[in-house]
Amino acid sequence: EAQDKFLHPAELKRFEPNKHIYILDVCVGLGYNSACLMEALIGTSKKLQWWGLEIDKRPLATALSTPGFKNFWSPPIFNRLQAMHSATEWQDEASKGKLLWGDARQTLLVLPKSTKFDLILLDAFSPNRCPELWSEEFIHALAHLLAPEGRILTYCRAAAIRGSLRRAGLHLTSLPAGKKKQNEWSSGTV
């Protein structure tokens, strides 16, 4: 799912070699979405500037302590996930990142004002369970953080959320429904 809804629509190949790619992961959770993108950047000349917003330390802690989770990732990516949880920051030869713990509506305000993101991964709980992070105000705040040609990627395809994205001035594309969900019109929104 992380590959289909976040990695593939990110189209990392569209970024020039040696480019710094700025990524904001809203609701990091288990870390899969960002880790998939990070894995795809290994061996390229692209550099990563990553920020994550998360309110709950338990999902990432659980993932890191689960036998087998480590096997999903190369050692450098697993080390980044561990550093995110324990120290909140990581840095290596090509990349650096920082995880901000707390309510995303507040931690969003702590991000460097001059930073514009190439990719924003919006993986909050559904609008019914977590309406705060799908509000018109929050969507507009995210849209203002985008770089030119930047993308917000989300699994959400709800008409109300798509309307908020449009009102924020964004052009929308639907993610094609996967093979397992051929009867559905979309599996997410870019």
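The following legends describe close-up views of a predicted model.

This is a predicted model in which local features need pLDDT of at least 70 and side-chain atom pairs count only at pLDDT 80 or more, while totals for chains, interfaces and linings use all residues. Residues are numbered from 1 along each chain as its sequence is written, and side-chain values use heavy atoms, with hydrogens and water left out.

View 1. Helices (H or I, at least four residues) and strands (E, at least two) are DSSP runs, numbered from the N terminus. Two strands pair if DSSP finds at least two bridges between them. Strand E1 (residues 20–26) pairs with E2 in the parallel sense over 7 bridges, and His20 has Lys47 in E2 as its bridge partner. Between E1 and E2 the chain passes through helix H2 (residues 32–41) in a right-handed β-α-β crossover; right-handed denotes that, with the strands pointing away from the viewer, the path from the first strand over the helix to the second runs clockwise. E2 also pairs with strand E4 (residues 95–101), in the parallel sense and over 7 bridges. Within E4, Lys98 stands opposite Trp51.

View 2. Gln49 belongs to strand E2. Its relative accessible area is 11%, and therefore Gln49 is classed as buried. Contact means heavy atoms within 4.5 Å. Not counting residues up to four places away in sequence, Gln49 touches His20, Ile21, Tyr22, Ile23 and Lys96.

View 3. E1 and E5 run parallel and are joined by 4 bridges, with Ile23 opposite Leu119 in E5. E5 also pairs with strand E6 (residues 146–154) in the parallel sense over 5 bridges, and Ile120 stands opposite Ile152 in E6. From E5 the chain crosses through H6 to E6, and this β-α-β crossover is right-handed.

**View 4. The nonpolar cores.** A nonpolar core is a set of buried Ala, Val, Leu, Ile, Met, Phe, Trp, Tyr and Cys residues joined through side-chain atoms within 4.5 Å. The largest such core has 33 residues, and Leu12, Ile23, Trp50, Trp73, Leu81, Met84 and Leu119 have the most contacts inside it. At least two residues of this core come from each of helix H1 (2–10), E1, H2, E2, helix H3 (58–65), helix H4 (75–86) and strand E5 (117–122). With neighbours within four places in sequence left aside, Met84 is in contact with Met38, Trp50, Leu60, Trp90, Leu99 and Trp101. A second, separate core has 28 residues, including Leu133, Phe138, Leu142 and Leu146.

View 5. Ala124 lies in the loop between E5 and helix H6 (136–144). This residue is buried, with a relative accessible area of 2%. Beyond its neighbours within four places in sequence, Ala124 is in contact with Val26, Cys27, Leu133, Trp134 and Tyr155. Ala124 and Arg80 are 44 residues apart in sequence and, C-alpha to C-alpha, 21 Å apart in space.

How values were computed:
Buried < 20%, exposed > 50% of the residue type's maximum accessible area, 1.4 Å probe, protein only.
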